[in-house]
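Thanks for coming. Please look at it on the screen first.

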Amino acid sequence: MTRRRLGLLAAGLVLAALGGGALRGGIAPPEHRETLYVFGTLVEIVIHGRPQAEAARATADVAHLLETLHRDWHAWRPGEITALNAAIAAGRPAQVDARTAAVLRRGRELSCAAGGLFEPAIGALVGLWGFHQDAPPEGGPPDPAAVAALVAARPRMTDLRIEPLPEGGARVTAASRAPQLDFGGFAKGAALALAAEALRADGVEDAVLNAGGDVTVLGRGGSGPGAGRPWRVAIRDPFAWGAVASVEMRPGESLYTSGNYERFFEAAGVRFAHIIDPRTGRPAAEIASSTVLDTDAARADAAATALSVAGPEAWAQVAADMGVEAAMLIDGRGRVFATPAMMARMTPAGEGWPGPVAVVPLPPAATPVCPAP
Ligand code: AMP
Ligand code: MG
């Protein structure tokens, strides 16, 4: 497949600001930009319409928050989640702080809505496939019997009980020893949602948080003086360097993409990527990338992961069940599937789509039966 390389901006950040950057009458526009390295990726924070000192302070607050969440929520470096996982594996209750309790509840709710295809409790499987390390895994796929044993144990978020404690935080107990938490499928979205909240609390109304192409826009993103036009975010081509399309962001929207090109290894010519189908315990194989546009960053991130697992037949039902309206998937052959709402928002990039495009209306949502928290 030959695809034109668009070469959008440096460092792989597929974000193009239409607004901002211009000098008016020699006065610098109130735009503040800073790039952090957190959550294993570069996070660019652009703040509009605030004096530099205030914007710098707000950025420092966000940096501190994201670094804390990265440490607390890490799936394999010692922290709050590894401690919780050790307690669950030993059949003991554990205590978590209020923020982690909230993200656990959100994860359980999203997992239930996704019919278990988004399942942050499958940490043991993700680890078994070798993705609990910074470097790409080596040594090929794991023993099928070990995979089957973990699948048979049915690790599920819905098996967690999260009871609020009077002194804050929560007590977590699990109905089995199988759940091992890995927030990788929605940590970025959940964290950027909290970062957006922190910015608002610091008086920032227009900002963009860009985590390696996964973007959350606060307010209009770039509507400060000197800007005034919306942000346009590119959706990466899963087969080549460049973009397949772009989306003009509206106030408060998030655009998240899951891709089989992000973390993977190859064995005997087969790609094994980091998104695992909880039903088989094996990497989801059919979807190259899936993108969700939503007003809720955590849901956008979780749904992008869930739709990759669901595949070309089931994704529309899962999107409907999760309450997502705008989604686009590209399968391994380059076929494109999009909801009408997503289709209406995308502008194809220069060379167009990698394959035939199917616009798929969303079916009615099923009402999932989820246990009470
Ligand atoms: P993302 O790039 O948002 O799709 O997240 C992928 C990451 O989520 C992986 O690296 C795992 O840490 C985790 N993960 C893998 N499979 C799943 C799944 N089915 N549900 C939830 N999280 C998953
Ligand atoms: Mg995700």
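Let me start with two helices that touch: Ala187, Lys188, Gly189, Ala190 and Ala193 in α6 meet Ala297, Ala298 and Asp301 in α7. Sorted by class, the residues in this contact of α6 with α7 are five nonpolar, one polar and two charged. Please keep in mind that this is a predicted model.

How do the axes of α6 and α7 cross? Helix α6 covers residues 187-201 and helix α7 covers residues 297-322; their axes come within 7 Å and cross at roughly 170°. Angles over 145 degrees count as roughly antiparallel, so α6 is roughly antiparallel to α7.

Stepping back to the whole chain for a moment, there are eight helices and 20 strands. Of the 373 residues in the chain, 52% are buried. Take the contacts in the chain with a separation of 6 or more: 63% of them are between residues 24 or more positions apart.

Now the aromatic rings. How many aromatic pairs does the structure hold? There are seven. I will show two of them.

One is formed by Phe131 and Phe265, with 6.0 Å centre to centre and 35° between the planes, and the pair is tilted. Phe131 sits in the loop between α4 (123-128) and α5 (144-152), while Phe265 belongs to strand β12, residues 264-267. The pair therefore ties together parts that are 134 residues apart in sequence. Are these two residues buried or exposed? Both Phe131 and Phe265 are buried.

The other pair is Phe183 with Phe186. Here the ring centres are 5.6 Å apart and the planes are at 85°, so this pair is edge-to-face; the cut-off for that is over 60 degrees. Phe183 has 1% relative accessibility and counts as buried. Phe186, also at 1% relative accessibility, counts as buried too. Buried means under 20% here.

Last item, a charge and a ring. Arg271 lies over the face of Phe264, and the distance from the ring centre is 3.9 Å.

Notes:
Residues are numbered from 1 along each chain as its sequence is written. Chains are lettered from A and ligands numbered from 1 in the order in which they are written. This is a predicted model: local features need pLDDT of at least 70, side-chain atom pairs count only at pLDDT 80 or more; totals for chains, interfaces and linings use all residues. Side-chain values use heavy atoms; hydrogens and water are left out. Rings of Phe, Tyr and Trp (its six-membered ring) pair if their centres lie within 6.5 Å; planes under 30 degrees apart count as stacked, over 60 as edge-to-face and the rest as tilted. Helices (H or I, at least four residues) and strands (E, at least two) are DSSP runs, numbered from the N terminus. Buried means under 20% relative accessible area, exposed over 50%, partly exposed in between (1.4 Å probe, protein chains only). A charge sits over a ring if NZ of Lys or CZ of Arg is within 6 Å of the ring centre and within 35 degrees of the ring normal. Axes are lines fitted to C-alpha atoms, for helices over the stretch in contact, and angles run from 0 to 180 degrees between N-to-C directions. Angles under 35 degrees count as roughly parallel, over 145 as roughly antiparallel, 65 to 115 as roughly perpendicular and the rest as oblique. Contact means heavy atoms within 4.5 Å. Ala, Val, Leu, Ile, Met, Phe, Trp, Tyr, Cys and Pro count as nonpolar, Asp, Glu, Lys and Arg as charged, and the others, Gly among them, as polar.
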